[in-house]
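Please look through the structure below before reading on.

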Amino acid sequence: MKLHEYQSKTIFAKYGIPIPKGRVAATADEAKQIAEELGGRAVIKAQVLVGGRGKAGGVKVAKNSDEAAEYADQILSMTIKGLRVRKVLVDEAAAIAHEIYFSITNDRAARKPVMIASAAGGVDIEEVAATTPEKIIKVHIDPLLGLRDYQARDIAASIDLPRELWRDFSKIATSLWNVYRENDAELAEINPLVVTKDNKLVALDGKMLIDDNSLFRHPDLAEIRDIDEEAPAETDARRHGLSFIKLDGSIGCMVNGAGLAMTSMDIVKLFGGEPANFLDIGGGAKADKVAAAMRIILSDPNVKAILFNIFGGITRCDEVAKGILAAMDEVKPKVPMVVRLVGTNAEEGRKLLENANMITAETLADAAKKAVAAAK
Amino acid sequence: MSILINKNTRLLVQGITGNDGLFHTTQMVAYGTNVVAGVTPGKGGEWVLDGKVPVFDSVKLAVDATGANATVIFVPARFAPDAMFEAADAGIPLIVCITEGVPVQDMMRVRNYLDHKKVRLVGPNCPGLLTPGESKVGIIPGNIAIPGNIGVVSRSGTLTYEVLYALMLEGMGASTCVGIGGDPINGTNFIDCLDMFEHDPHTEKVVLIGEIGGTDEDKAAEFIATKMTKPVVSFIAGQTAPPGKRMGHAGAIIEGSAGTAADKIKALQAAGVKVAKHPEEIPSLLK
């Protein structure tokens, strides 16, 4: 789950990381008022959950509150990479002397958190990483011990920070570790962390990614999820515990297991079709979940056929069959449906679907071919 | 012959009285797995499966009473890390965690702790292991595989079943099938299994099933090229998956552009691995 800049920075501030004064606004009038409170000069920043908003014109510096209102109005009418801007952050403008990149994320290969820093912070950091990797400092953290003080000092020294700022930097590093650790973040990123002209460290921008699997112990974070930024079907899917990604094709897919779901998409494409979605009903799905999945697939008008590929393990095929029947009863689908049930309780499942007027298939290739033919 | 589990495996089931735990314990026992005990805190002293399997309050008590030498975990995600710590502390050398949805940071702590203990973990978010005809630890349906000489290792769950089933339909059997799980941080990896299959006298060929994300397949390719004499056939899922909507720069800094299906297939082919276009093509590539 992604957090907005303003949400991330609010969390940073709670952990003692200095951030600019400012607030979020949904209208030009609100933006103007905030700019006035900040003394007129302000930065107006689009709050959308994609990168590259600065390059898209979603960040502007206003010299006074009238200009703040004007820019807020412009930015609030923008769509950046398909996402409508609904809020802007109005921050006091900092006098920047130097920009640092600073983050913590999971290094899956090392199986440890890694703290990443660079003296060459700012929007081109990926370019820096690709062309001059020696400018990127990486320090792995023992997940059982946490960040050690010396590690923070080492980072400060290796990004050429003046000595008088080492203590402040170490405090920010410790805070960022705590932000990451206590919020189950997959990423906590400050880019840039700036040294201001009066020699202070301020987190000018912030990004956080929260591990969805951890939300059971972070109800406060689950609460602030911005569902305006999701496709409605994806929100619906998440509420039912389904993993769903909408695609542009015509063959709806309902599969158990992410690997098999991807494989089913691959094989549909291999035989000349286009998948309409990725949908993993997960392990052990019961009838109600299957019914919800079917409603979500059918809510896409592009869907011309549905492929059900269920290989029962922890999922029982009879439960899936019950869900399909319940959903058919309710939604009355008009598109052809190809079903393949194998594994745990497959026989029982097939019996339940005997009179449901579905196309049946034995093998995965057979199922994919039949679905592609049915969608034509 | 096999790797990791065989007819001498004495299995403990953590979370044996839950819905999934009980259902799959029944299946494992029906398959012939020697399930010696179960653990559900607060239900010690009870018996399940018509008095066949005793339930204990803790892993330690169960191990002391029954000599269990492997455990399979079916407890919900929020309790699974503790279950893995408990099994490791009780000295069980093989821990198989079926549970899906364990938070990543929990898994980093579990994995780093287990590394100090020299305990083998398989999973989490995995289907477990199957040595056809001998023992089944986890949820792989028993009737979709026959004994044979093909080692199967996979990051996926149900996709693994697909492959076992396709092999069986062609009369081909597995020595052992290991589902290592699809989570970013897990226990046993591809290389561990390739190494064990390479040294298992009854495994003649290996099937490796990977998917997009991470760099494990690339490392496996390097291992195959330099350390393996047995032929390997592979399938990589996610060739049509849309590029992930990622945020922030840290992921790109750590992994670069690695992780696509095309990259993995290229690396495996360069290592001499035959890569199937779809799972049902695997048996013909093994011939």
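**A covered strand and its neighbours**

In chain B of this predicted model, strand 13 of chain B is covered on both faces. Val232(B), Ser234(B) and Ile236(B) are buried on one side, and Val233(B), Phe235(B) and Ala237(B) are buried on the other. The strand spans residues 232–237 of chain B, and because six of its six residues are buried, strand 13 of chain B is largely enclosed by the rest of the structure. Buried here stands for under 20% relative accessible area.

Strand 13 of chain B pairs with strand 12 of chain B, residues 205–211, in the parallel sense. Six bridges make up this pairing. Within it, Ile236(B) of strand 13 has Gly210(B) opposite.

**Cis peptide bonds**

In chain A, the bond that joins Asn191(A) and Pro192(A) is cis, with omega about 5°. Pro192(A) belongs to strand 11 of chain A, which comprises residues 185–196. In chain B, the bond from Gly123(B) to Pro124(B) is cis, and its omega is near 10°. Pro124(B) is placed in a loop, between strand 7 (120–122) and strand 8 (128–131) of chain B.

**Positive phi outside glycine**

The last topic is the phi angle. Lys81(A) is not a glycine, yet its phi is positive, at about 45°. This residue sits in the loop of chain A between strand 5 (79–80) and strand 6 (83–84). Is Lys81(A) buried or exposed? Lys81(A) counts as exposed because its relative accessibility is 62%, and the cut-off for exposed is over 50%.

Leu49(B), again a residue other than glycine, has a positive phi near 55°. Its place is in the loop between strand 3 (47–48) and strand 4 (53–56) of chain B. With a relative accessibility of 16%, Leu49(B) counts as buried.

Key: Residues are numbered from 1 along each chain as its sequence is written. Chains are lettered from A and ligands numbered from 1 in the order in which they are written. This is a predicted model: local features need pLDDT of at least 70, side-chain atom pairs count only at pLDDT 80 or more; totals for chains, interfaces and linings use all residues. Side-chain values use heavy atoms; hydrogens and water are left out. Buried means under 20% relative accessible area, exposed over 50%, partly exposed in between (1.4 Å probe, protein chains only). Helices (H or I, at least four residues) and strands (E, at least two) are DSSP runs, numbered from the N terminus. Two strands pair if DSSP finds at least two bridges between them.
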